[in-house]
Amino acid sequence: MPDFGMMINGQSVFTAANFNVENPSTGDVVGRVPNASLGDLNRAVTAAKTAFETWSKRSDDELQAACAAVAAKIEEHTEELAQLVTLEQGKPLNGLGSRFELGGAQAWAGYTGGLSLPVKVLQDNEEGRVELHRNPIGVVGSITPWNFPVMIAVWHILPALRTGNTVLIKPSPYTPMSTLRLIELMNEVLPAGVVNVVTSDDVSENIGAAMAAHPDIGKMVFTGSCATGKKVMTSSAETMKRLTLEMGGNDAGIVLPDVDPEAIAEGLFWGSFINNGQTCAAMKRLYVHEDVYEAVCSALVNYARNIQVGDGQDENAVLGPIGNQMQFDKVVRLVADAKTKGRILLGGAPGEGLFFPPTIIADLSNGDALVDEEQFGPALPIIKYTDIDEVIVAANKSENGLGGSVWSNDVEKARTVARQLQCGSVWINKHGAIQPNAPFGGVKSSGLGVEFGEEGLAEYTNIQVVFS
Ligand code: NAD
């Protein structure tokens, strides 16, 4: 018997086939969850489609109240959900770990539930009245990754509910338990079928691909790698689904020559190593001007060497293991290659199990794999530059365009550089800070559309213009 059921039409559903979930800190099996069949997927889509008939007719006030009830449920259960995230994802409870993630989930749930998209009157005169309405789309299919399982589920689900859509979510096979519990909690305050969840090991069936192709799903919201996001786009084409795709990043940070290296070291470290670097908009390449290059390298290493890495359940740890073997192997490969090209300043050798210490490697350049590829792990390449125009070209030389940052004592100068970076978000003297009212999304292969704020909410609607 698995530890958690899937939630389909308000009922817990257990399957004969199950799969194990492992704790990345210990390698122990910490849970068993259902392995959905295509039949389970179809039943969940039908439940969401049926629930849409009444859910979509709820008034704006009723939808807001329902979202507030969901937000309250999350708030009541933050510690329980944080413990589950730590158990299956490995991140520490403290620091910028699972309690921080649940804080984000609460903040986004509360803010998004309170947003509105009122009818816009485009014209009202003797020639007639023209109104722009925003209608719900139908069933929203949500596919989430393993790095922030609960927060990203909230990013997908709350705007869908707020705008009158119903939902089927499929979490990553690495982190299904916290999502199963989250959806169970939501179902305590929502009508049957409004939010459903299926889990899959991605081996026996590709449930994600089947969702993207499903004729009764009207929109996909996907967060994950660029390669999978492109597959979702392809699978969605036949049924003309609406899409929001939040994909990988390879964010550049550019340090200008006027900085105080000691003052920016902490921000540089956490901008890069938040969640062990397993963050879409973490700083994944650091370009430093030659005038301050050695000083910035030293300040960063001095800050990083005191970071406590440990089992996620250790209250003193602020970084945990890498989330899974696939990701660990990628970091090992990229660091091994970088060692032959650059200078290891810190770390560089794998620890026990899935642990890998914070690793900083200097003297790399564009063309080296650790610079060009998204490492999604605790290994930061540092690149020396001389000319600001050349470094902007180097930073933009990427298929990705999620985030970027510029570090300087002169904010206006930094802003001028920032505006030339090809990315959806750009920060000055920080990296990766996001907030519920600021649209977030990538350009180029980092995605399509935005999440958050009114612009993000609008992506869960079809426009209907009424001319009278
Ligand atoms: P992934 O692409 O391997 O998996 C993401 C999800 O897609 C999982 O639930 C997986 O089961 C599912 N999936 C697998 N094959 C599929 C298919 N053919 N069709 C549909 N779905 C399928 O990504 P991951 O390893 O879980 O997450 C890491 C990646 O996610 C990184 O590249 C990271 O940058 C990115 N990410 C982006 C954001 C953002 O907001 N832009 C946020 C977090 C993570």
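**View 1. Gly401 sits in the loop between helix H13 (388-396) and strand E17 (403-407).** A quick word before we look around: this is a predicted model, in which local features need pLDDT of at least 70 and side-chain atom pairs count only at pLDDT 80 or more, while totals for chains, interfaces and linings use all residues. Residues are numbered from 1 along each chain as its sequence is written, and side-chain values use heavy atoms, with hydrogens and water left out. Helices (H or I, at least four residues) and strands (E, at least two) are DSSP runs numbered from the N terminus. With a relative accessible area of 3%, Gly401 is buried (buried means under 20% relative accessible area, exposed over 50%, and partly exposed in between, using a 1.4 Å probe and protein chains only). Not counting residues up to four places away in sequence, Gly401 touches Gln422, Cys423, Gly424, Gly442, Val443 and Ser446; contact here means heavy atoms within 4.5 Å. For a sense of scale, Gly401 and Ala265 are 136 residues apart along the chain, and their C-alpha atoms are separated by 24 Å.

View 2. UniProt positions are given in the numbering used here, with feature names shortened, and the annotations may be inferred rather than shown by experiment. Look for Glu246 in strand E11, which covers residues 242-246. Glu246 is buried, at a relative accessible area of 3%. Beyond residues up to four places away in sequence, the residues that Glu246 touches include Phe222, Thr223 and Gly224. Leu402 also touches Glu246, as do Phe440, Gly441, Gly442, Ser446, Gly449, Val450 and Glu451.

**View 3. The ligand is surrounded by 30 residues.** The closest of them are Asp202, Ser225, Thr228, Met247 and Glu374; a residue is near a molecule or strand if one of its heavy atoms lies within 4 Å of it. An N or O atom in the side chain of Lys170 lies 2.8 Å from an oxygen atom of the ligand. The Asn206 side chain has an N or O atom 3.3 Å from a ligand nitrogen atom. Gly224 takes part through a polar backbone atom, 3.2 Å from an oxygen atom of the ligand. On its own the ligand has 860 Å² of accessible area, and the protein covers 92% of that. Such areas come from the Shrake-Rupley method with a 1.4 Å probe, and for residues only the protein chains shown count as cover.

**View 4. Glu374 lies in the loop between helix H12 (369-372) and strand E16 (379-385).** You have met this residue already, as one of the closest to the ligand. Glu374 counts as buried, at 17% relative accessibility. Its side chain reaches the backbone nitrogen of Gly249 at 3.3 Å, a polar contact being a pair of N or O atoms within 3.5 Å; within protein, one must be able to donate a hydrogen and the other to accept it, and residues adjacent in sequence count only if both atoms are side-chain atoms. Leaving aside neighbours within four places in sequence, Glu374 is in contact with Gly248, Gly249, Asn250, Cys280, Lys284, Lys330 and Leu334.

View 5. In the unreviewed UniProt entry, the annotation "domain: Aldehyde dehydrogenase" covers residues 18-466. Over residues 18-466 the chain is 39% helix and 21% strand, with its end C-alpha atoms 49 Å apart.

**View 6. Phe355 and Glu352 are found in the loop between strands E14 and E15.** Strand E14 spans 343-346 and strand E15 spans 359-362. Phe355 is buried at a relative accessible area of 17%, whereas Glu352 is exposed at 70% relative accessibility. Not counting residues up to four places away in sequence, Phe355 touches Ser25, Val309, Gly310, Asp311, Gly320, Pro321, Phe328 and Pro350. From C-alpha to C-alpha, Phe355 and Arg43 are separated by 40 Å.

**View 7. His77 lies in the loop between helix H2 (60-76) and helix H3 (78-89).** His77 is buried, with a relative accessible area of 16%. Leaving aside neighbours within four places in sequence, His77 is in contact with Arg181 and Leu185.
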